[in-house]
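The points below may be read alongside the sequence and the coordinates.

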Amino acid sequence: MRFRLLAFAQVTFAALSFAAGSPALDGQRVAFLGDSITAQGWSNPHGYVRLVVAGLDANCVKITPLPAGIGGNRSPDMLARLKRDVLEKKPDWVTISCGMNDVIHGAKGVPLEQYKANLTDLVAQCQAAGLKVMLFTTTTAGAWDSAHSRQLGDYSAFLCQLAQEKHCVLADLYPVFVAALKQADTLHGLTGDGVHLTPEGNQLMARTVLAAFGLSDAQLTKAREAWLDLPGAGAFTTRADIELNKKFFAASCTLTLRQRDQVLAAAAAAKRPTLSHWSKELLLTLMKRKVKPEGSFESLDALFAPDVKDKVQAELQAEFVAEIEKIVH
């Protein structure tokens with residue numbers, strides 16, 4: 001049976017309620033308006049937009065995604081390009097993810113009162129064009145209780161109010177991310193830099209969005225199972241420096257999320273706080289194996305000699321992948 005999305009009737013801060021009788025989400029065109037989190041949500045195999053589409057597909061719901069995320073965008077930037085990037089493409093739905101850059105850009109950000117006016121205008125234009133609107137509250141910036149995260153909470157509180165007043169569907173991300181960050185599991189960190197999402201952060205965001213679209217717990221479990229084997233969705237890159245930003249080697253590994261979970265389990269067993277710590281140590285170990293007495297080089301510095309550096313990099317990449325394959329196969 002195909003999952004059907006029912007029309008919005010009432011939003012509360014805790015849950016969404018839908019009324020019967022609307023057309024299905026199946027076959028709908030959905031625009032994803034946002035900043036770099038949304039841009040990467042489409043460009044990365046593990047991005048939340050990709051996961052939302054795959055999660056719906058796993059439940060026999062086919063949508064046409066219209067990615068409209070641009071890095072660095074604030075609310076006035078999205079207003080300026082709304083017609084070109086959303087309205088002219090004539091979607092049935094638009095999701096609006098806006099607020100992060102309005103806050104973290106500091107002096108170049110957007111004060112709350114102006115942000116309120118901008119978001120109200122965005123919603124009004126979309127609804128006037130006949131679009132159904134889903135508003136996202138923001139994710140967090142840095143720690144859950146950082147100054148930026150607390151400020152984003154104020155912006156998110158307004159979005160909850162706006163969703164209720166304008167009868168928009170609400171994907172209330174902010175409390176979900178705060179709760180996850182309070183668990184302080186650095187190995188499964190939600191961001192790589194405090195803002196941009198890791199595969200784990202994207203999964204949390206996608207799950208929250210799918211729940212807002214009406215998926216049940218059973219359907220969310222089905223979506224998660226589909227995500228686990230998406231090609232490249234669990235990929236990561238690491239590097240080991242012996243002279244910061246001057247002498248380093250890098251290695252990458254293309255994994256599924258299922259395989260990434262296995263690597264994270266190995267890092268946990270080694271009692272490393274993050275995947276970055278664990279993978280850097282692995283790469284450094286491989287580098288040291290090339291130095292005497294185990295290897296043929298006199299020192300780590302010798303690995304960077306112009307006539308051998310490229311060859312060493314290729315060898316390390318292959319050796320790094322071989323070590324990961326021992327874990328995931």
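1. The model under review is a predicted one. Its largest cavity has a volume of about 70 Å³.

2. The lining of the largest cavity is made by Asp 35, Ile 37, Ser 97, Cys 98, Gly 99, Met 100, Thr 137, Thr 138, Thr 139, Leu 173 and Met 205. By class, these lining residues comprise five nonpolar, five polar and one charged.

3. The second largest cavity has a volume of about 30 Å³. Its lining consists of Ile 37, Gln 40, Asn 44, His 196, Leu 197 and Asn 202. Two of the residues in this lining are nonpolar and four are polar, with no charged residues.

4. Is Asn 202 buried or exposed? Its relative accessible area is 3%, which is under the 20% limit, and Asn 202 is therefore classed as buried.

5. The surroundings of Asn 202 deserve a separate remark. Its side chain forms a polar contact of 3.0 Å with the side chain of His 46. When neighbours within four places in sequence are set aside, Asn 202 is in contact with His 46, Gly 47, Tyr 48, Leu 51 and Leu 197.

6. How many disulfides does the structure hold? The number is zero. Cys 98 is in no disulfide, and the nearest cysteine sulfur, belonging to Cys 126, lies 11 Å away.

7. Cys 60 sits in the loop between α2 (48-58) and β4 (64-69). Although Cys 60 is not a glycine, its phi is positive, at about 65°. With a relative accessibility of 37%, Cys 60 is partly exposed, because this value falls between the limits of 20% and 50%.

8. A positive phi is also found at His 167, a residue other than glycine, where the value is near 55°. His 167 is placed in the loop between α6 (147-166) and β7 (169-171). Its relative accessible area of 52% is over the 50% limit, so His 167 is exposed.

9. The bond from Lys 292 to Pro 293 is cis, and its omega is near 10°. Pro 293 is located in the loop between α11 (275-288) and α12 (309-328).

10. The largest pocket holds about 1000 Å³ of space. It is lined by 43 residues, and those closest to its centre are Gly 189, Leu 190, Thr 191, Thr 198 and Glu 200. The elements that supply two or more residues to this lining are α7 (173-182), α8, α9 (217-227), β8 (236-243), α10 (257-269) and α11. By class, the lining of the largest pocket has 14 nonpolar, 20 polar and nine charged residues.

Methods: Residues are numbered from 1 along each chain as its sequence is written. This is a predicted model: local features need pLDDT of at least 70, side-chain atom pairs count only at pLDDT 80 or more; totals for chains, interfaces and linings use all residues. Side-chain values use heavy atoms; hydrogens and water are left out. Buried means under 20% relative accessible area, exposed over 50%, partly exposed in between (1.4 Å probe, protein chains only). A polar contact is a pair of N or O atoms within 3.5 Å; within protein, one must be able to donate a hydrogen and the other to accept it, and residues adjacent in sequence count only if both atoms are side-chain atoms. Contact means heavy atoms within 4.5 Å. On a 1 Å grid over the protein atoms alone, a cavity is a set of points where a 1.4 Å probe fits but cannot get out, and a pocket is an open set with protein on both sides within 12 Å along at least five of seven lines; lining residues have an atom within 4 Å of a point. Grid points are joined across faces, edges and corners, and a volume is the space filled by probe spheres set on the points. Ala, Val, Leu, Ile, Met, Phe, Trp, Tyr, Cys and Pro count as nonpolar, Asp, Glu, Lys and Arg as charged, and the others, Gly among them, as polar. A disulfide is a pair of cysteine sulfur atoms within 2.5 Å. Helices (H or I, at least four residues) and strands (E, at least two) are DSSP runs, numbered from the N terminus.
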